[in-house]
Amino acid sequence: MKSFIVSGRSGSGKSTMLHALEDSGFNCIDNFPASLLVQHVQSELARPADEAADLAVCIDVRNTPEELRALPSYIEQLRQWGEAPRLIYLDASDSVLVKRFSDTRRRHPLDHQFNVLKDAIAYEKLLLEHICEIADLRIDTTNRSLHELDTYTKERIAAQSGNSISLLFQSFGYKNGIPVDTDIVFDARCLPNPYWHEELREFDGRHPKIKDFLDASDVVDGFFADIRAYLDKWVPIFAAQRRVYITVGLGCTGGKHRSVYMVERLAAQFKTEYPDVLVRHRESHELAT
């Protein structure tokens with residue numbers, strides 16, 4: 001049985017994630033009381049194997065502050081029995097959260113305490129900070145649409161193969177900032193830039209012409225070899241420390257040529273070694289196996 005706790009700030013996409021997990025066959029419960037977590041997980045595990053459904057519960061600021069403070073201890077109790085759910089934490093920038101509430105005209109769960117929406121959003125962050133810190137996976141939905149989050153959930157979380165490492169290779173453009181939910185970042189701006197060749201500029205890093213251009217460079221081969229050696233060494237160490245999700249970011253100036261090429265090349269290499277490898281090109285909003 002796979003089990004997840006979905007948490008995060010209001011408006012970050014928790015409902016979308018729960019719906020995606022439900023579509024994938026999970027038994028999902030929204031607004032779940034943290035105090036019932038241990039009892040509920042144990043009762044699910046007590047069922048016959050052919051009756052036990054995968055489980056996802058949402059625990060967020062609608063719980064009492066006391067329940068939220070106790071959540072890490074409940075997870076640790078289950079971990080000692082070898083049955084701790086994976087904790088997924090969703091968040092987005094304050095300005096995006098404000099816009100989402102304004103667009104949908106929904107009420108924030110803490111609006112009875114605050115007259116200003118941004119104050120409720122800021123306080124919610126403080127209440128959930130200790131939960132964010134222990135999350136197995138943090139997802140920033142600032143630049144993700146509902147469709148992208150739905151796909152991400154089904155591909156990376158619901159379809160994950162047991163406790164194996166899930167590797168996500170993500171390209172991005174430095175001009176749009178480094179993704180905040182990336183664990184390891186490599187800077188590909190040192191590589192030869194196809195942008196300066198007018199006949200190559202229109203293509204992205206998956207096009208054969210870009211591949212031929214970058215494949216011909218010894219600098220590119222050395223860069224790839226160094227990253228591969230680093231990941232070959234450290235991914236197993238992360239796995240030994242119960243890390244299940246690792247996001248590797250590759251950035252170039254615009255996120256179109258060098259970073260896309262390198263992400264595709266690394267993903268192809270590591271797919272031969274790990275069952276759960278995904279690719280996301282942030283500037284084209286794409287996630288694929």
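Two strands are taken to pair if DSSP finds at least two bridges between them, and helices (H or I, at least four residues) and strands (E, at least two) are DSSP runs numbered from the N terminus. The structure is a predicted model, in which local features need pLDDT of at least 70 and side-chain atom pairs count only at pLDDT 80 or more, while totals for chains, interfaces and linings use all residues. Residues are numbered from 1 along each chain as its sequence is written, and side-chain values use heavy atoms, with hydrogens and water left out.

On these terms, five strands form an open sheet in the order S2-S3-S1-S4-S5, with parallel pairing. The edges are held by S2 and S5, each with a single partner strand, so one side of each is left without a neighbour in the sheet. On average, neighbouring strands of this sheet are turned by 20° against each other, direction ignored; axes here are lines fitted to C-alpha atoms, for helices over the stretch in contact, and angles run from 0 to 180 degrees between N-to-C directions. Within the sheet, S1 and S4 run parallel and are joined by five bridges, and Phe4 stands opposite Arg86 in S4. Helix H6 packs on the sheet, where it touches S1, S4 and S5, and its direction makes about 160° with that of S5. Contact means heavy atoms within 4.5 Å.

Just after H1, Gly25 takes a positive phi of about 100°.

Strand S6 (residues 166–173) has eight of its eight residues buried, so it is largely enclosed by the rest of the structure. Ser166, Leu168, Gln170 and Phe172 point one way from S6, Leu167, Phe169, Ser171 and Gly173 point the other way, and all are buried. In a regular strand the side chains alternate between the two faces of the sheet. S6 pairs with S8 (residues 245–252) in the parallel sense over eight bridges, and Gly173 stands opposite Cys252 in S8. S6 also runs parallel to S9 (residues 276–281), with six bridges joining them; the bridge partner of Ser166 in S9 is Asp276.

Two helix pairs complete the description. The axes of H2 (residues 37–45) and H3 (residues 65–80) come within 9 Å and cross at roughly 30°, which makes H2 roughly parallel to H3. Angles under 35 degrees count as roughly parallel, over 145 as roughly antiparallel, 65 to 115 as roughly perpendicular and the rest as oblique. The contact is made by Leu37, Val38 and Val41 of H2 and by Leu71, Tyr74, Ile75, Gln77 and Leu78 of H3.

H8 (residues 218–240) and H9 (residues 258–270) pack at an angle of about 45°, with their axes 11 Å apart, and H8 is therefore oblique to H9. Residues making this contact include Phe223, Phe224 and Ile227 of H8 and Tyr261, Met262 and Leu266 of H9.

Notes. Buried < 20%, exposed > 50% of the residue type's maximum accessible area, 1.4 Å probe, protein only.
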